Amino acid sequence: MTPTAAAPLEPAVPLIELQDIRKSYGPSHETDEIDADGLAPALVLRGISLRLYAGEFVAIVGASGSGKSTLMNILGCLDRPSSGRYLFEGQDVSAFDADALAWLRREAFGFVFQGYHLVATESARENVEIPALYAGMPEAERRLRATALLERLAMGARLNHRPNQLSGGQQQRVAIARALMNGGRIILADEPTGALDSQSGAEVMKLLHELANAGHTVILITHDRDVAAQARRVIEIRDGQIVADSGDGLAPAAPAGGVIAPLSGPGLGGARNAHASLATDLHEAARAAWRVMWSNRFRTGLTLLGIVIGVASVIAMLAVGGGSQREVLAQFEIFGVRTMFVVAREGSVRSPTAPLTMGDAETIASLPNVEAIAPYIEERVVVRRGNVDHSSEGGGTTVGFAEVLGWTTSEGRMFDEADEASAAKVAVIGQTVRRVLFADGSDPVGQDILVDKVPFQVVAVLGAKGTTNGEDQDDRVVVPLSAAAARLFGHRNPTWIGVKVRDMEKAQATAEAIETRLAEQRRVRDLRVWNRVEAIRVQSATARAMTMMLGLIAAISLVVGGIGVMNVMLMTVRERTREVGIRMATGARQTDILRQFMTEAVLVTSVGGTVGVIVGLAIVAVLMLAGVPVVFSLLASLGAFGCAVLTGLIFGFMPARNAARLDPVVALASQ
Ligand code: ADP
Ligand code: MG
């Protein structure tokens with residue numbers, strides 16, 4: 001597939017046609033018109049018209065400052081003319097958007113610059129691979145081709161050398177290999193020998209000859225007439241105008257087939273948006289990003305510190321906050337956080353205190369925000385099975401007991417409404433009673449025990465609650481209130497009434513309502529509501545506020561870390577402006593550049609996040625060992641890590657976008 005195979009009889013469409021191209025620098029270039037007597041000082045190209053055919057070997061020669069590089073930048077679609085038309089294979093390039101121009105640079109052009117323009121952090125082979133990266137060539141193929149190209153250019157022994165480990169001549173060979181990577185139909189060489197000693201220069205010229213012979217279109221820019229004379233066609237430019245052209249429209253020589261045969265590669269037919277898979281792209285970007293990060297590891301490390309501190313403190317502070325919150329709740333959770341107790345006020349003014357009644361219980365149950373109640377008669381009893389006696393806390397209560405006190409059964413089933421209605425002699429025993437009476441290990445459910453000498457059948461065993469305030473909560477036997485009244489205690493007056501409220505926030509109002517209503521009913525204020533719900537609410541709200549505040553402090557440090565990342569990214573972009581230019585000249589799209597820098601930012605913050613998580617976990621572990629109550633939350637850790645990565649995305653975006661929006665010519669020209 002040589003580009004010169006066009007049928008000779010057809011009027012050939014020029015590969016490149018320039019029509020009256022003008023270029024001026026400065027803000028007023030739109031209005032810059034050439035006037036009759038010549039030189040508008042800012043006008044660098046003053047009406048260049050030119051036709052270049054496929055397969056030509058053209059030298060553009062002129063003194064320094066005559067506008068050669070400006071012309072080449074326009075020819076190579078690195079820059080746009082101020083006016084005039086540029087037709088590429090008959091298509092007006094001015095209609096191309098940034099991506100289409102990138103595609104043209106990627107697929108059609110190969111640049112060779114005086115200053116080589118290699119990416120300093122990448123090896124010779126990796127530099128050669130760059131254009132193929134943006135063309136979406138698979139990695140294995142890319143490597144093979146880059147290696148083959150370098151071997152043909154006698155660079156096979158230096159594949160892994162960095163540019164600073166290569167001589168000028170060698171660097172220029174790498175640049176030529178890079179220009180050929182995607183096919184290099186048109187080689188644009190701007191003073192390729194300018195920085196080389198004469199021998200290296202001669203070698204580079206020999207290579208360009210070979211490429212021309214192999215069918216590549218070669219456009220050589222030089223100020224040296226001797227060098228220019230080696231081309232088949234010489235165009236002379238002076239003060240931005242063509243003053244001589246040795247052969248416009250000459251039929252190009254047939255390709256002779258030189259040492260460097262044109263390699264098959266993605267030609268211009270390639271899809272404009274050919275991309276490697278996203279995974280490959282990201283992998284490449286991450287690899288390059290890692291290298292950059294590593295070469296600046298001290299600076300990156302300092303930036304990371306912000307993220308590390310942020311993430312670690314989020315994890316540690318939330319763990320401590322959560323720990324104190326749990327501490328608060330743990331004291332109350334045993335009997336449910338929404339449960340309060342109504343008790344007769346001890347040592348009331350009027351004595352003896354009128355006992356609580358079931359009427360009081362009904363009144364309470366009818367109040368708003370009361371979800372369930374459990375009146376409870378509590379008196380000491382002696383339980384007996386066989387010849388074992390045990391003094392325990394006896395209780396008579398209603399079926400609301402389980403819900404109000406959050407008490408589940410570990411075996412059997414709690415007594416129900418029917419048992420309550422029939423005053424059934426059924427009993428539910430606590431774990432301690434079970435241990436004492438059923439030391440033989442037999443199943444208590446279904447067996448009979450004596451409670452104060454009255455036989456009761458055990459129907460269930462309560463789940464363990466442990467000890468609170470020095471009282472063993474599991475040392476109890478509970479029977480239906482009706483049965484307790486009729487067979488054990490001889491009265492129906494609850495010792496206390498458990499009240500479960502619906503809405504914790506209104507617990508205080510409910511407690512006050514209970515006190516008021518019962519005082520009205522009893523004509524004396526001799527009852528007390530032990531409103532632990534309110535206490536719980538206040539304490540857990542305090543703990544929550546503390547957690548939030550700690551979290552906020554941590555979040556702020558994360559943001560500060562993010563700003564550090566942005567700072568470093570802005571510096572990176574500034575330092576690597578030329579690299580961005582090189583990448584754009586080799587065909588990178590704006591999205592490729594954006595992705596590269598975003599990947600760097602995210603990589604930095606991911607590493608910071610990972611280290612932060614590790615440090616955070618270590619802090620939590622140390623606190624745990626020191627006996628500080630902590631609650632480790634996986635979610636918080638993942639969240640903190642996610643925030644760090646997100647920070648990279650957010651704070652890396654602006655610098656990355658700045659890089660992506662750089663003008664290729666301006667970027668290439670930077671230092
Ligand atoms: P050559 O490559 O032939 O030496 P150039 O094309 O680099 O010449 O430059 C031609 C003229 O354009 C010079 O006078 C130079 O000062 C001017 N020029 C080049 N680039 C810029 C720019 N970015 N801004 C302003 N003037 C420029
Ligand atoms: Mg120049």
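## Ground rules

This is a predicted model, so to speak of local features takes a pLDDT of at least 70, side-chain atom pairs count only at pLDDT 80 or more, and totals for chains, interfaces and linings use all residues. Residues are numbered from 1 along each chain as its sequence is written, chains are lettered from A and ligands numbered from 1 in the order in which they are written, and side-chain values use heavy atoms, with hydrogens and water left out.

## Around ligand 1

Ten names make up the shell, counting a residue if one of its heavy atoms lies within 4 Å of the ligand: Tyr25, Val44, Ala63, Ser64, Gly65, Ser66, Gly67, Lys68, Ser69 and Thr70. By class there are 3 nonpolar, 6 polar and 1 charged (nonpolar is Ala, Val, Leu, Ile, Met, Phe, Trp, Tyr, Cys and Pro; charged is Asp, Glu, Lys and Arg; the others, Gly among them, are polar). Helix H1, residues 68–75, gives the most to this shell, with 3 residues (helices are DSSP runs of H or I with at least four residues, strands are E runs of at least two, and both are numbered from the N terminus).

Now for the polar contacts, meaning pairs of N or O atoms within 3.5 Å. An oxygen of ligand 1 lies 2.5 Å from a side-chain N or O atom of Thr70, and for Ser69 the side-chain distance is 2.7 Å. With Gly67, a polar backbone atom is 3.0 Å from a ligand oxygen.

## The largest pocket

A pocket is an open set with protein on both sides within 12 Å along at least five of seven lines. The largest holds about 660 Å³. Among its 24 lining residues, Phe335, Thr468, Glu471, Gln473 and Trp530 are the closest to its centre.

Strand E12 (370–385) is among the elements giving two or more residues to this lining, and E12 gives the most, with 3. By class, the lining divides into 11 nonpolar, 4 polar and 9 charged.

Technical notes
A polar contact is a pair of N or O atoms within 3.5 Å; within protein, one must be able to donate a hydrogen and the other to accept it, and residues adjacent in sequence count only if both atoms are side-chain atoms. On a 1 Å grid over the protein atoms alone, a cavity is a set of points where a 1.4 Å probe fits but cannot get out, and a pocket is an open set with protein on both sides within 12 Å along at least five of seven lines; lining residues have an atom within 4 Å of a point. Grid points are joined across faces, edges and corners, and a volume is the space filled by probe spheres set on the points.
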